[in-house]
Amino acid sequence: MIETSAADIPRPAGRGAARRTELFEELVTLLISEGFAQFTLDDLAARLRCSKRTLYGLADSKEQLVRAAVVHFFRRATGRVEAALAAETDPAARLAAYLRAVAAELAPASPRFFDDLAAFEPAAEVYDRNTRAAARRVQELIEEGTAAGAFREVHVAFAADVIASAMVRIQRRQVAAATGLSDAEAYAHLAELLLHGLNR
């Protein structure tokens with residue numbers, strides 16, 4: 001789903017590394033549950049029961065901390081989505097598994113998190129990159145299914161472009177504004193539409 005460099009995520013080392021790793025996981029959980037625009041570093045330190053100095057050990061600013069948390073959220077999701085995909089061999093099942101796994105990974109994140117994500121450019125860029133990587137993966141899966149005869153003949157590039165456009169609209173919160181669907185719900189509906197349209 002996403003392409004990131006190792007430098008995007010804090011790598012705690014030395015004394016207290018395990019606690020800082022645990023703290024970072026708690027931070028990610030907090031942000032995806034409640035968003036992040038309303039929090040100051042003081043607020044985050046209080047909620048996580050740590051000092052601001054400890055947070056500065058993870059990143060140099062709130063902005064960097066938020067971006068690192070967003071990268072971690074999507075990187076972790078990528079691993080689980082790819083694992084769900086690897087468990088399937090049938091081309092149609094692989095496409096369904098991919099899109100449903102994406103929906104499942106997005107489900108724990110609150111609307112406020114996604115609204116804050118869209119409004120904060122460094123984090124929005126991470127989601128945008130993730131979305132485009134996912135769209136390319138979907139195109140590969142459609143090509144795979146068409147070549148195997150599992151899907152009816154379609155113009156793969158056009159189908160992929162339509163899907164990518166829908167995914168970008170989901171990412172930019174345009175689908176949520178138009179329909180009231182969460183990002184996870186929108187991906188689940190996209191999966192159903194796509195599979196019904198492609199299956200023979």
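This is a predicted model: local features need pLDDT of at least 70, side-chain atom pairs count only at pLDDT 80 or more; totals for chains, interfaces and linings use all residues.
**Ground rules.** I number residues from 1 along each chain as its sequence is written. Local features need pLDDT of at least 70, side-chain atom pairs count only at pLDDT 80 or more, totals for chains, interfaces and linings use all residues, and side-chain values use heavy atoms, with hydrogens and water left out.

**Entry 1, α8 and α10.** I looked up how helix α8 (residues 156-171) packs on helix α10 (residues 183-198): the angle is about 165° and the axes are 10 Å apart. That makes α8 roughly antiparallel to α10 (over 145 degrees, on a scale from 0 to 180 between N-to-C directions). I then listed the contact (heavy atoms within 4.5 Å). From α8 come Ile163, Ala166, Met167 and Ile170, and from α10 come Asp183, Ala186, Tyr187, Leu190 and Leu194. By class I have eight nonpolar, no polar and one charged residues; Ala, Leu, Ile, Met and Tyr are among the nonpolar types, and Asp is among the charged ones.

Which residues of helix α6 (residues 111-119) are buried? I noted Phe113, Phe114, Asp116 and Leu117 (buried is under 20% relative accessible area, exposed over 50%, with a 1.4 Å probe and protein chains only). Seen down the axis, these fall within an arc of 160°, so they line one face of α6. Pro111 and Ala119, on the other side, are exposed. The cover over the buried residues includes α1, α4, α5, α7 and α10.

Most residues other than glycine have a negative phi. Arginine 49 has a positive phi of about 55°, and arginine 173 one of about 70°. I placed arginine 49 in the loop between α2 and α3, and arginine 173 in the loop between α8 and α9. Arginine 49 is exposed at 66% relative accessible area, whereas arginine 173 is buried at 13%.

Definitions and conventions: Helices (H or I, at least four residues) and strands (E, at least two) are DSSP runs, numbered from the N terminus. Angles under 35 degrees count as roughly parallel, over 145 as roughly antiparallel, 65 to 115 as roughly perpendicular and the rest as oblique. The arc is that of the directions from the helix axis to the C-beta atoms.
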